[in-house]
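Reader: Could you show me how to read a few features of a protein model, with the general idea and then the case at hand?

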Amino acid sequence: MSDKDSITKEYMKQPDRFADLFNGFCFGGEEKLHPEELKDMDTTSIVLPYGSDGAALPEQKARDVLKLALKTDGKAAYCILGVENQTEVHTAMPIRNMLYDAMTLTEQVVATAKSHKAAHNHGNDNAEFLSGFHRDDRVLPVITLVVYWGADDWDAPVTLRAMYPDGLDESILRYATDYKLNLISPAMMTDQQLDVFRSDLKAVLKFIKHSKDKTALANLVNNNQEYKSLDRLAAQTISVCSGQNFNFPVGEERIDVCKAIDDMITDARNEAQDEGMKNVVATVRDLNLSKDVAVQQLAKRYPLSQEDAVEFVNHNW
């Protein structure tokens with residue numbers, strides 16, 4: 001698993017951010033879902049497609065984050081919520097997500113049938129006996145949100161219908177199954193739309209959104225105090241998703257992103273200066289001139305003391 005995949009998965013596993021994502025996307029920021037109402041679920045599923053001659057071929061699929069939403073009494077569940085993190089665009093995401101949701105629903109049916117069988121409750125008729133799922137049984141709805149952590153637009157289908165061939169008769173499409181992605185793509189959202197989030201998720205998504213526009217990014221970071229003290233995992237998510245190579249202080253749980261950016265710029269300047277100084281020394285050496293000439297050239301071109309210039313020339317001659 002890449003750094004992007006592992007960090008974004010760990011970031012979205014946190015109950016406060018997970019709840020905030022759903023509250024912002026589904027309820028316009030209203031806090032209908034609370035972190036303490038969430039319970040982690042097993043993210044692995046077994047699907048049984050059929051191979052040649054009807055042979056079942058077990059295949060395991062792993063979702064990124066899956067949680068059970070509980071009612072306030074903490075005993076009864078009312079919804080299954082999933083998050084799929086995409087650090088790259090997936091061009092067949094509607095089908096992939098539809099499969100995940102279908103597997104989660106299927107697992108509920110299988111679990112219900114097992115429960116009836118263990119209780120020797122064979123149902124009221126042959127239909128209930130054969131399926132194992134009784135007429136008064138119910139399944140929990142499954143809602144999956146896809147978070148695209150890239151700074152570009154999501155340029156792939158967001159519906160199953162968009163993947164069908166062009167020119168199909170509408171009378172056919174009327175009966176064809178469709179599936180729509182619940183997509184969060186910061187590049188395709190306005191700052192006002194991102195303001196519905198209340199956790200540091202808002203700061204993370206806004207940074208990614210503006211990461212390709214230096215002026216907009218500078219205005220965002222300099223005018224928002226939350227970037228002065230950001231949770232370390234949130235700062236790491238910003239770093240890997242926006243392509244910024246931040247150096248984080250060891251042991252600090254709160255990160256000043258503004259300082260991290262300044263440090264990165266300073267490091268880049270120092271690297272450029274170091275490379276330029278090496279080129280001066282190499283040129284003098286290639287011309288068969290003395291080290292003293294190289295020292296003089298460095299002292300004239302760069303803010304170095306005589307001692308530092310001599311040390312640099314001796315080290316790189």
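Reader: Which residue takes a positive phi just after helix 3?

Author: His-120 does, with a phi of about 55°; helices here (H or I, at least four residues) and strands (E, at least two) are DSSP runs, numbered from the N terminus. This is a predicted model, in which local features need pLDDT of at least 70, side-chain atom pairs count only at pLDDT 80 or more, and totals for chains, interfaces and linings use all residues. Residues are numbered from 1 along each chain as its sequence is written, and side-chain values use heavy atoms, with hydrogens and water left out.

Reader: Which residues of helix 3 are buried?

Author: An α-helix has 3.6 residues a turn, so residues three or four places apart point the same way. In helix 3 the buried residues (under 20% relative accessible area, with a 1.4 Å probe and protein chains only) include Asn-97, Tyr-100, Asp-101, Thr-104, Gln-108, Thr-112 and His-116.

Reader: How do helix 7 and helix 9 cross?

Author: Two packed helices are described by the angle between their axes and the distance between the axes. The axes (lines fitted to C-alpha atoms over the stretch in contact, with angles from 0 to 180 degrees between N-to-C directions) of helix 7, residues 201-210, and helix 9, residues 232-242, come within 10 Å and cross at roughly 20°. That makes helix 7 roughly parallel to helix 9 (an angle under 35 degrees). The contact (heavy atoms within 4.5 Å) involves Ala-203, Val-204, Phe-207 and Ile-208 of helix 7, and Ala-234, Thr-237, Ile-238, Cys-241 and Ser-242 of helix 9.

Reader: How much of the whole protein is buried?

Author: Of its 317 residues, 38% count as buried, and the secondary structure comes to 12 helices and 9 strands.

Terms used
Parallel < 35°, antiparallel > 145°, perpendicular 65-115°, else oblique. Buried < 20%, exposed > 50% of the residue type's maximum accessible area, 1.4 Å probe, protein only.
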